[in-house]
Amino acid sequence: MTTFVDLAAWLAAEPADAALKDVVQSVAATCAQISGVVASGALSGSLGAAGSTNVQDEEQKKLDVITNDLLSDALKACGPVAGLASEELEEVEPTGRVGGYLVTFDPLDGSSNIDVNVSVGTIFSVLPAPTDHVPAEADFLQPGRNQVAAGYAVYGPQTMLVLTLSGGVNAFTLSADGQWLLTHPDLSIKPDTAEFAINMSNQRHWADPVRRYIDGCLQGKEGPRAKNFNMRWIASMVADVHRIMMRGGIFMYPWDAREPGKPGKLRLMYEANPMGLVVERAGGRATDGAERILDIQPTKLHQRVPVVLGSANEVEVVRSEMQRG
Ligand SMILES: O=P(O)(O)OC[C@H]1O[C@](O)(COP(=O)(O)O)[C@@H](O)[C@@H]1O
Ligand SMILES: [Mg+2]
Ligand SMILES: [Mg+2]
């Protein structure tokens, strides 16, 4: 029988500082707990609307609130965490400690899928904290290339944790007895693909470059790309990105004309940046169409950004189409 290394043993061998490993352990333990709550669904009364809205003016589900509380409480109790920020919290929350790390997170990604029993996830990003003062919002506004760790948990047919610290990307599967076991070491995204993920219902609102790119894919073998494309859209970024980590592909949530003042739907600090790091570390690419996601200088905590990520050569096709305008 195959034996798998568990997360604690794997972390012990990682060339990262012990405090950072504590933060990652704390997130991982909380994701294991969240997996139990998600799996119990109606049995734990965790489905349905919470009756409130968050800072983005989006309706909160009960699970958005429950998962936000679980992660916030765990990180406040975790010694090296100086501050946290969440999709569900308007302001950053300093813990009162100085130094160590800042953690940003989307506690429950794919909220629209909770009540229909489709995969959802948790996304997190770890940044260095200032060493001489209690952090404020400005201290969180670091470009994604500063991340010292990032990853996500996907609550699907299997619960998995996908992590990057100092080097590559490794994926752990949650065992029946609650251990994270390394089942998918050194993930890498193949550079070419014939599978795209975009919400096609927004087609009439897209900008020309996105329209041209998708039209080219849809023409298949007879079109400019000379190959047939497949399409997937789960509407949980975590699940769509996880598929790309496993078999390649491209994921796009571009700007569209529904709300022209918004640069996109996804949030830079706790969706695009952590996913951008994971994807790049696995050999893929992540861009907003003009700039590498990880080089964007954030100007506010809940900033939105267009996102194109996945198989390197395919992202390059979209990026150059966007550059043409
Ligand atoms: O419903 P749409 O427009 O297809 O959007 C789906 C996207 O929205 C999101 O659900 C946003 O995440 P939240 O559920 O955390 O708000 C992404 O996971 C997903 O890619
Ligand atoms: Mg999300
Ligand atoms: Mg969310």
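Student: What is the strand order of the open sheet of eight strands, and which pairing does it have?

Tutor: The order is β4-β3-β5-β6-β7-β8-β9-β10, and the pairing is mixed. Strands here are DSSP runs (E, at least two residues), numbered from the N terminus. This is a predicted model: local features need pLDDT of at least 70, side-chain atom pairs count only at pLDDT 80 or more, and totals for chains, interfaces and linings use all residues. Residues are numbered from 1 along each chain as its sequence is written, with chains lettered from A and ligands numbered from 1 in the order in which they are written.

Student: Why is ligand 1 said to lie between domain 1 and domain 2?

Tutor: Because domain 1 (7-184) and domain 2 (195-324) both give residues to the shell around ligand 1. The domain bounds come from an automatic or database domain assignment. The residues around ligand 1 include Glu87, Asp106, Asn199 and Lys265. A residue is near a molecule if its C-beta atom, placed from the backbone, lies within 6 Å of it.

Student: How many residues of each domain take part in the contact?

Tutor: The C-alpha centres of domain 1 and domain 2 lie 23 Å apart. The contact takes 35 residues from domain 1 and 29 residues from domain 2. Two residues are in contact if their C-beta atoms, placed from the backbone, lie within 7 Å.

Technical notes. Pairing = 2+ DSSP bridges. Helix = DSSP H or I, 4+ residues; strand = E, 2+ residues; numbered from the N terminus.
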